[in-house]
Number of protein chains: 2
Amino acid sequence: METGQREDRRTATERRRAELLEAADRVVLRDGPEASMNAIAAEAGITKPILYRHFGDKSGLYRALAKRHTDALLATLRTALDSPGDRRDRVEATLHAYLGAIEAHPQVYRFLMHPAEAPADGEKGLDAGRHSVPLLRRMGEDLAEVIAERLDLGPDSAQLARAWGHGIVGMMYAAGDWWLGERPFSRDLLVRHLADLLWGRLAAAGDRAGSPGL
Amino acid sequence: METGQREDRRTATERRRAELLEAADRVVLRDGPEASMNAIAAEAGITKPILYRHFGDKSGLYRALAKRHTDALLATLRTALDSPGDRRDRVEATLHAYLGAIEAHPQVYRFLMHPAEAPADGEKGLDAGRHSVPLLRRMGEDLAEVIAERLDLGPDSAQLARAWGHGIVGMMYAAGDWWLGERPFSRDLLVRHLADLLWGRLAAAGDRAGSPGL
DNA sequence: GACTGCTGTTACCGCTAGTAACCGGCACGT
DNA sequence: ACGTGCCGGTTACTAGCGGTAACAGCAGTC
């Protein structure tokens with residue numbers, strides 16, 4: 001059967017592609033985001049041109065690699081957003097899920113957040129202006145969607161939800177990045193501190209005696 | 001005079017260094033963060049080895065370049081934090097200062113936030129584990145300092161202030177990055193949305209009818 | 001048996017960061 | 001006046017990168 005054979009071909013090449021991605025994964029996890037195409041090809045037991053046939057160029061391979069991890073992380077965050085309890089519980093669960101993920105796989109985190117890409121060919125690329133860190137954007141958009149569909153925010157709720165989505169994600173990102181580097185206290189405490197911040201404790205706190213005030 | 005001449009030498013080399021930095025600045029602003037050392041040397045009217053004598057390696061030059069802009073931005077943020085008015089006014093003024101800066105000089109912003117550095121030599125570097133985006137860290141630490149010295153946050157105020165400092169900076173960063181790319185509404189509106197978020201409107205908002213709740 | 005499509009190779013290009021070795025002028029001690 | 005360092009500057013090079021052209025072998029199809 002012709003179509004059957006074509007299907008076999010297609011699934012075979014897709015399996016091959018997945019194998020290559022796993023090899024690339026191993027190398028990136030071992031050598032960091034600066035892994036060279038030669039190293040990845042060697043790890044996969046082949047040579048460079050095959051990688052280029054499968055992924056086009058280096059950023060194509062990196063995008064494919066990032067998509068896997070990003071999808072996985074976003075899925076766990078979604079389930080955390082649907083966890084039982086009141087709103088504060090859900091927010092804390094989501095923060096916990098994110099921080100737990102970056103704590104468990106810091107190499108993956110580093111790869112996703114600091115990919116160190118560089119087109120290096122002027123503006124010949126298709127859409128060279130693209131941001132090199134799409135994970136933050138995707139998390140922000142996802143959270144904005146959830147906020148917009150679940151909260152009653154008045155007339156301009158779409159705008160507000162997106163600003164908040166990206167803002168909250170950024171808060172989680174920067175605080176997590178700092179915390180992961182220093183580990184000054186427990187994950188649980190960071191979650192509570194951030195939730196407190198979102199719950200308006202900054203606005204409610206009193207000025208320190210003798211300070212010009214904030 | 002010996003010391004006088006030595007002073008002349010020192011100031012001369014420092015002036016030269018500043019000239020080279022300005023040339024590098026021009027090239028980076030024109031070509032983006034992927035500017036090559038050759039291009040920078042050409043812009044300065046010299047050749048590569050002199051750059052390497054002055055700055056060690058590429059990341060040294062980039063660090064020196066980033067330090068200038070980072071210092072300038074942090075200074076304007078500090079003055080915004082000291083602006084007159086109540087706390088909400090100060091927070092909004094600071095957000096405005098940051099967003100205004102990245103809006104006025106997006107190329108500088110892109111260089112500072114997405115430097116695309118790559119050591120590429122395994123772990124031979126001095127402290128290769130360093131984060132490639134120090135601006136966020138410095139802003140976070142600065143804000144944490146201000147918070148800790150001006151707000152009364154109870155016993156573990158130092159911890160809390162740092163978590164909040166980095167968190168707020170991250171919120172500002174991610175929301176600003178998204179906003180700068182899409183410009184869906186005015187800067188003023190984004191400032192108000194983010195301040196609302198910090199003022200606890202997320203916790204106070206009601207659930208939408210028929211949603212599972214957030 | 002010729003044709004086609006796929007995986008794989010070797011060998012190369014142009015570019016990059018970074019370095020070694022050398023050249024010339026200018027201020028110094030004697 | 002004369003070496004003698006030092007310093008800004010150069011040319012010419014290395015090693016490695018991303019990326020590609022051209023070719024080799026092996027399946028299945030007509």
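Six salt bridges are found across the interface of chain B and chain A in this predicted model. In one of these, the side chain of Glu182(B) meets that of Arg162(A), with 3.2 Å from N to O. Polar contacts also cross the interface of chain B and chain A: 23 residue pairs are found, with both residues at pLDDT 80 or more.

Several elements of chain B contribute to the side that touches chain A. At least two residues each come from helices H5 (87–104), H7 (134–150), H8 (157–182), H9 (187–198) and H10 (201–204), and likewise from strands E1 (151–152) and E2 (206–207). Of these elements, H8(B) gives the largest share, with 17 residues. By residue class, the side of chain B that touches chain A holds 32 nonpolar, 17 charged and 12 polar residues.

The extent of an interface is often expressed as the accessible area that is lost when the parts come together. For chain B and chain A, the area buried between them is about 5,700 Å², and carbon and sulfur atoms account for 62% of it. In terms of contacts, 61 residues of chain B touch 62 residues of chain A.

Strand pairing, too, links the two chains. Strand E1 of chain A (residues 151–152) runs antiparallel to E2(B), and the pair is joined over two bridges.

How values were computed. Residues are numbered from 1 along each chain as its sequence is written. Chains are lettered from A and ligands numbered from 1 in the order in which they are written. This is a predicted model: local features need pLDDT of at least 70, side-chain atom pairs count only at pLDDT 80 or more; totals for chains, interfaces and linings use all residues. Side-chain values use heavy atoms; hydrogens and water are left out. Contact means heavy atoms within 4.5 Å. Buried area is the accessible area (1.4 Å probe) that two parts lose on being put together, summed over both. A salt bridge is a side-chain nitrogen of Lys or Arg within 4 Å of a carboxyl oxygen of Asp or Glu. A polar contact is a pair of N or O atoms within 3.5 Å; within protein, one must be able to donate a hydrogen and the other to accept it, and residues adjacent in sequence count only if both atoms are side-chain atoms. Helices (H or I, at least four residues) and strands (E, at least two) are DSSP runs, numbered from the N terminus. Ala, Val, Leu, Ile, Met, Phe, Trp, Tyr, Cys and Pro count as nonpolar, Asp, Glu, Lys and Arg as charged, and the others, Gly among them, as polar. Two strands pair if DSSP finds at least two bridges between them.
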